[in-house]
Amino acid sequence: MTEQEAKTPRIEPGSFRDPDSRVFISDGRVLRLLSELGLADWQKLSSSPLFAELVAEGKLVGTKEASDLPDLPDALHGAVAAALEHDVIPFVSYPYEWTFSMLRDAALLQLELVERAIKAGMMLKDSTPYNVQFVGARPVFIDVGSFEELREGEPWAGYRQFCMLFLYPLLLAAWKDIPFQPWLRGSIAGIPPQECRKLLSRRDLLRRGALTHVALHARLEQRYEETDTDVKKELKTSGFNKELILANIRRLRKLIAKLEWKPGGSEWSGYELTTTYSDDDAKRKAEFVTEVVRSDKPGLVWDLGCNEGHHARIAAETADYVVAVDTDTLVVDRLYSALGKEGQSKILPLTMDLADPSPGLGWRGLERKPLPDRGSPDLALCLALIHHVSISGNVPVAEFLDWLQGMKTALVIEFPTPEDPMVRRLLKRKRVGDHPDYNRGWFEQCLEQRFDVVRSEVLSSGERVLYHARPRA
Amino acid sequence: MIQPSLAYIDAGTGSLLIQMLTGGVAAAAVVLKMYWRRIRRFLHIGKPEETDSPS
């Protein structure tokens, strides 16, 4: 993106669903335009002690009324009544890139906010994990426009969305060991009650919450699909009140807090422990990374294939922010918990198949952005990664380097030679001669064609080579 | 006072009704009252304001 393009205000394509509140990005600023109705809700929120409390606790994104606004295109259904400016989230992520514990913490935050909002005479108009972002390992609610005035006597409008995007994905992971990430990546609206019901066995229905939140919920939805009855009015006249919502929230909080994901087996969970890498190689690798981050002083670092986050932590000592990505969800889940305990706010752990990184999704493929569109790295660490992407994922070596070159990032990249025990194991699963491009000579030729190689170092085992490369100007 | 009658997301009729069951003991009274009203409506007894108009 050119400097001029970065300064031109553009609509955040993922923010169109709520007609009373629309987000713009302008010269690095995150601005939110409000309709008259949106402004009334903001005034209610900002004048309540709850707002200051939530921001101080780090649970709600810092927000102020915006001054010196750029010219913004008309994007609301009605006239623009006011504009807000939000603190910038260092790197945007989506629920299909989170681990179980991350989605659970986001769900608990959503429920806590609904509960506290109700007690302050407000409500949250929706319930989507896309309203939650992570700063390091801390979930932050970003949609200030979600708060609205409580309408006494009305049920919780966001309950269905909460089930589809938070509760059911968590239940499937905890009860069935079904990873929710592909489901959420496959459907931006989440898992509908009737689909979730079909995935549960009779035995599952005996579990806490299954009967009401899934089975009866699905049954009622099916039964009332075609109805014209004004159920909201009927409930109101029958005495429905906020205490019922609060009771539901309390039960959901209890249910979700107790959910645990116990995966059957994880590919790399013991990788650092069982790997054939010698202590000396591991030490040299860490030193190599340290030297590069000290010399290059990168702002944003991606650690691709981060494993337990050893090199991400080294990078975080000097970099502004590190996005640590690994295919193994269990490893990343453990990393997330560890980072939370350490109070680490500079490393964002994400899970993703690096041979199939997150694409653009949603309306016109723009609502949810591909990974590189959310901020290209200044430095990408690709340690013990390329053999997995190239041999297991069948991505040609040259194309993997093309992808990195496209982001104009510097690299620390490790090439495990075909003699490396892990490479041999991966190649054994393929036909003989299946990966002719996987050799050191071709890798170096491809790397040199695309980058300026600053230096390289053969590790003491002789089976792995490290390279520091910079993008061509 | 601006009072919109609908949320921008589809709350789902079934998802609203199930909230009578997720609301604990206090919800039982609402269930009874709603069904009692439905029975009265079915029998054509009761005050006119209790009759729902289709939305």
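Predicted model: local features only at pLDDT ≥ 70, side-chain atom pairs only at ≥ 80, totals over all residues.
1. Asn394(A) sits in the loop that runs between α15 (386-392) and α16 (397-406) of chain A. Its phi is near 60°, a positive value in a residue other than glycine. Arg429(A) is 35 residues away from Asn394(A) along the chain, and the C-alpha atoms of the two are separated by 12 Å.

2. Ala384(A) is also worth a look. This alanine has a positive phi of about 50° although it is not a glycine. The loop that holds Ala384(A) lies between β13 (379-382) and α15 of chain A. Is Ala384(A) buried or exposed? Ala384(A) is buried, because it has 20 other C-beta atoms within 10 Å, and 20 is the count at which a residue is called buried.

3. The largest nonpolar core has 136 residues. Ala315(A), Val322(A), Leu381(A), Leu411(A) and Val412(A) are the ones that touch the most other members. Helix α5 (residues 159-176) of chain A gives the most to this core, namely 13 residues. For Leu411(A), with neighbours within four places in sequence left aside, the contacts are Ala380(A), Cys382(A), Leu404(A), Phe451(A), Tyr467(A) and Ala469(A).

4. Helix α10 (residues 242-258) of chain A has 17 residues, which at 1.5 Å a residue should span 24 Å. The C-alpha atoms at its ends are 25 Å apart, which agrees.

5. Which residues of α10(A) are buried? They are Leu244(A), Ile245(A), Asn248(A), Ile249(A), Leu252(A), Leu255(A) and Ile256(A). Viewed down the axis of α10(A), these buried residues fall within an arc of 135°, so they line one face of the helix. The face turned away from the buried side of α10(A) carries the exposed residues Lys254(A) and Lys258(A). The packing partners of the buried residues of α10(A) are α4 (100-119) and α5 of chain A, together with α2 (25-42) of chain B.

6. Between the chains, 39 residues of chain A are in contact with 29 residues of chain B. On the side of chain A that touches chain B, the elements giving two or more residues are α2 (36-46), α5, α8 (210-223), α9 (231-237) and α10 of chain A. Six residues, the largest share of that side, come from α8(A). Taken by residue type, the side of chain A that touches chain B divides into 15 nonpolar, nine polar and 15 charged residues.

7. Chain B has two helices and zero strands. Of the 55 residues in chain B, 25% are buried.

8. The domain assignment of chain A gives domain 1 (1-88), domain 2 (132-258) and domain 3 (273-471). The centres of domain 1 and domain 3 of chain A, taken over C-alpha atoms, are separated by 35 Å.

Methods:
Residues numbered from 1 in each chain as written. Chains lettered and ligands numbered in written order. Core = buried A, V, L, I, M, F, W, Y, C linked by C-beta atoms within 7 Å. Buried ≥ 20, exposed ≤ 12 C-beta atoms within 10 Å, placed from the backbone. Helix = DSSP H or I, 4+ residues; strand = E, 2+ residues; numbered from the N terminus. Contact = placed C-beta atoms within 7 Å. Expected span 1.5 Å × (residues − 1). Arc of directions from axis to C-beta. Nonpolar A, V, L, I, M, F, W, Y, C, P; charged D, E, K, R; others polar. Domains from an automatic or database assignment.
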